[in-house]
Amino acid sequence: MKIKFQSALFSTLTALSCYAQNNNTYQTKQQVHLSYQMQPSHMKTRWDNNVNQSNVLKEYPRPQLQRRKWQNLNGMWEYAITDSLAGTPNVFEGNILVPFPIESALSGVKKILLPEQRLWYRKIIALPKTQPQKRILLHFGAVDWEATVYINKKQVGKHTGGYQNFTIDITDFLQPGSNEILVRVYDPSDQGINPHGKQTLYPANIYYTASSGIWQTVWLETVPLTYITHLRTTPNIDKGTLQLDISTNGSFTGAKLEIAALANDKVVVNRNFSISDQEEHITIDLPNARLWSPDDPFLYNLSIKISKNGKTIDEVKSYFGMRKIDIQKDEKGADRIFLNNKYTFNLGVLDQGFWPNGLYTAPTDEALMYDIKTIKSLGFNTIRKHIKIEPERWYYHADKIGILVWQDFVNPSQGLQEGSKPVFEKEMQETIDQLYSHPSIVTWVLFNERWGAYDQKRLTEWIKKYDPSRIVNGHSGELLYVNNELRDPAEMPWVGSDMTDVHSYPEPRLPPAQPNKAMVLGEFGGLGVSVPDHEWDDQQGWGYVELTPTQLKDRYLEMSQKIKKLEIVGLSGSIYTQPFDVEGEENGLLTYDREIIKIPVNEIRSINQGLVQQTNGFTLDPHFVIATNIDTGNNDNRYEELLAEYKNGAKDSSFLRRLTLMAMRKKDQENMTNIGNSYIDILSQPFSRDNLFFILKITRTSKDKGFAMCWEQPKKIDEMIGQYAAIKKVRKVIDAEEIAPTYKKSPNWDAIQQRIINKYGDLGESYVFGRRMIYYGFESKDWDNYGKYYMLYFKKALTTSSEYAINNVTWVLYEHVTDPKVLEYATTVMKYAIDNNLDRSPEAYDTYANLLHRTNNSAEAIKWEEKALALKKGAPDEKLFAETLQKMKAGQPTWPQNN
């Protein structure tokens, strides 16, 4: 029987904890050797200590489709990491706490999963005790990115999509006694065609640690042969109705549907229907409905039963909210965002949804709720959930607490690699299906800035047709301003969208007005304030502007006043970056551990009330503790005081680390080297991953102990940090000490080269070849020497490590170098880059095609340019690729004719 919404089957979480409790129908067979310990971390949240192997996200994970009989499989599993070609491992490496990503400290593992590796999970369960005519379903909240599931060595299902839930009926694969669940995971993180958001293998600035594998709840559930698979609720407050779409599975001869809607436990609707098909479309009248809004987040409870011959076969509990969101004109004729036919300014924050020790996974359900309650406590009424799909319980809390949600889709791979578009569109539709019934979600955000954007008009119009109950922000930040400078202007911004949206850092600005579109400021702010002892990466704190706590309050007030002025002339919404620090980003209103707030709560709330007056819908639990106010005096102004303590013998590890970073920010290299070396001397594990990140950060000279570590033990460092990490650091020091001091308009490159080779051998020679290549190409425009040193450099660096973007330097060569020998070699360089996944972007395909065309291999060039054009279909620069292809087919040159 065909089941609608197969990929989103059983996707939500429990709204009524008294109904869907952890039932003892199933007993997990716990192996006595399984034990758990959180991995070391220099930053903890108040909820981390509540996590243990018997207390892991116990709440029923599906509020809008909940049943009584279920078994939580969160807890200890076994894990192994193998290469991509290996079969089922014979021996598992250890234990992992599901559902925390393997890279997280709370998983108990804290290992990076590389694209060429596979992650395996194993759990033994007892055969569930159930009655005949029942089915056993295995549910996964989310597994990033590709999951293959086996029961007792037999493959039972496969799913791709790092944010979408999936379900497998495993009944026919179970056996008496013990049963093995095995899950094989492939996750290329930011190296593949998979939508991955801000995850990266190499975290820095606005990109964060990857989350691989199982990262949401896993559970078993008993269902009858005839059961409900999916619910979809669509409110219509103008007509006073609720459309209810119910998908079912099984035989329905003689079956009836019983539907009851309740308000405050009082039945307001009670209807019975005969079931005629696997999909029922029912309209319920709700005249004078109580409307859902941030001021009054009222939810109706919903009960749905399938019965035969007066006996209940299947029963689920759910809920819904009655609300309307659209664009209307205000009394002055300006297009505005209207909630329930009333203009409502969307005052929001950009929420990333990351946690210090859980990464994508919050440590507890209380922590998940905390973020939303805190944001609303600060006076905001909107959250833009930024390129991440949360567990369903997050949206339940948003529904119940009362916050408007702009939900980003998780962008395609930014390079638009071959195959990334259909993957993105599949996951986009599944996301809508999965989250459709949450009243808090009022806006879908299709694209963020230029991150993998393509076919904007087609996709925006498709979303509006597929889900007409919401507004669509087709491109948030299609116009991006940084320090008042516009980056990459667009030809047709916001085509098909319900909004015009700009990003402006740090200062707010008004987007252009377009007919029937609301004007919104999709991102602004990014004001950075570091808080000692509350930093994820104390050597990498980052914000668009670095401020003191006192300056932050003043700037936030100024920005709020500017937003108010912009609202008067038409602005309908603003999104501040951001509520919490995230890893290296220190531009949050609170620290990443949620322990320190940088402007007192009452002061932020008072400022925000100038834009949004929250009424009786806001309630603050007197036991709800947000954070401690920042100590405004504990900053770099103490440098001389702490330096004196160091010279008097202070040698505490945390003290030395902090003082080293102070010296770095003060640009006091001599003391930075001395203090940093003192710090390294007392480290018990200098080659641990966390310590190496810090050591490489403070390594600036050949006198730093980190330089000797990189020079003498590069393999050991690369194993922990990543390929070529040590050699890249050595090269930076070579540049700083051997090239920069003697660099001038016409440097004596031969003398520089000889000196570096004498000191550093082949490694130094490779580096200086690259520097000479850049000098001749980008400074002196000496194209003969550019070609010469391009060849010399890549013959040494291509298969080991290149500091330069291969496509960028090769494109410059293609445009300016005429030597056939050099052009032929550049063709092999690009082919190597593509074949070895160094660059599989449409731009790389285009460069390779142009080189082939220029070296008289036009037939092959046309094939590669067609591949590039296919990837660029719908992108802003599609036309340029199409014109290049036509020239190739016509036998015309595609390179500049003045060469």
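Leucine 339 stands opposite lysine 342 in strand E24, where strands are DSSP runs marked E of at least two residues, helices are runs marked H or I of at least four, and both are numbered from the N terminus. The model is a predicted one, in which local features need pLDDT of at least 70 and side-chain atom pairs count only at pLDDT 80 or more, while totals for chains, interfaces and linings use all residues. Residues are numbered from 1 along each chain as its sequence is written, and side-chain values use heavy atoms, with hydrogens and water left out.

Strand E23 (residues 335-339) and E24 are joined by two antiparallel bridges, and two strands are said to pair if DSSP finds at least two bridges between them. With E22 they form an open, antiparallel sheet of three strands in the order E22-E23-E24. Strand E22 (325-329) and strand E24 (342-343) stand at the edges with a single partner strand each, so one side of each has no neighbour in the sheet.

Another antiparallel pairing links strand E2 (residues 75-83) to E3 through five bridges, and in it glycine 75 of the chain has valine 98 in E3 as its bridge partner. Strand E3 (residues 94-98) is largely enclosed by the rest of the structure, because five of its five residues are buried; buried means under 20% relative accessible area, exposed over 50%, and partly exposed in between, with a 1.4 Å probe and protein chains only.

Threonine 460 counts as buried because its relative accessibility is 0%. Leaving aside residues up to four places away in sequence, threonine 460 touches Leu446, Val472, Gly474, Val495, Gly496 and Ser497, where contact means heavy atoms within 4.5 Å.

The largest nonpolar core has 83 residues, and those with the most contacts inside it are Leu659, Ile717, Met773, Tyr790 and Phe794; such a core is a set of buried Ala, Val, Leu, Ile, Met, Phe, Trp, Tyr and Cys residues joined through side-chain atoms within 4.5 Å. Helix H14 (residues 749-778) supplies the largest share of this core, 12 residues. Apart from this core lies another, of 80 residues, among them Ile372, Tyr454, Phe580 and Ile604. Returning to tyrosine 790, its contacts beyond four places away in sequence are Met773, Val809, Thr810, Leu813, Tyr825, Ala826 and Val829.
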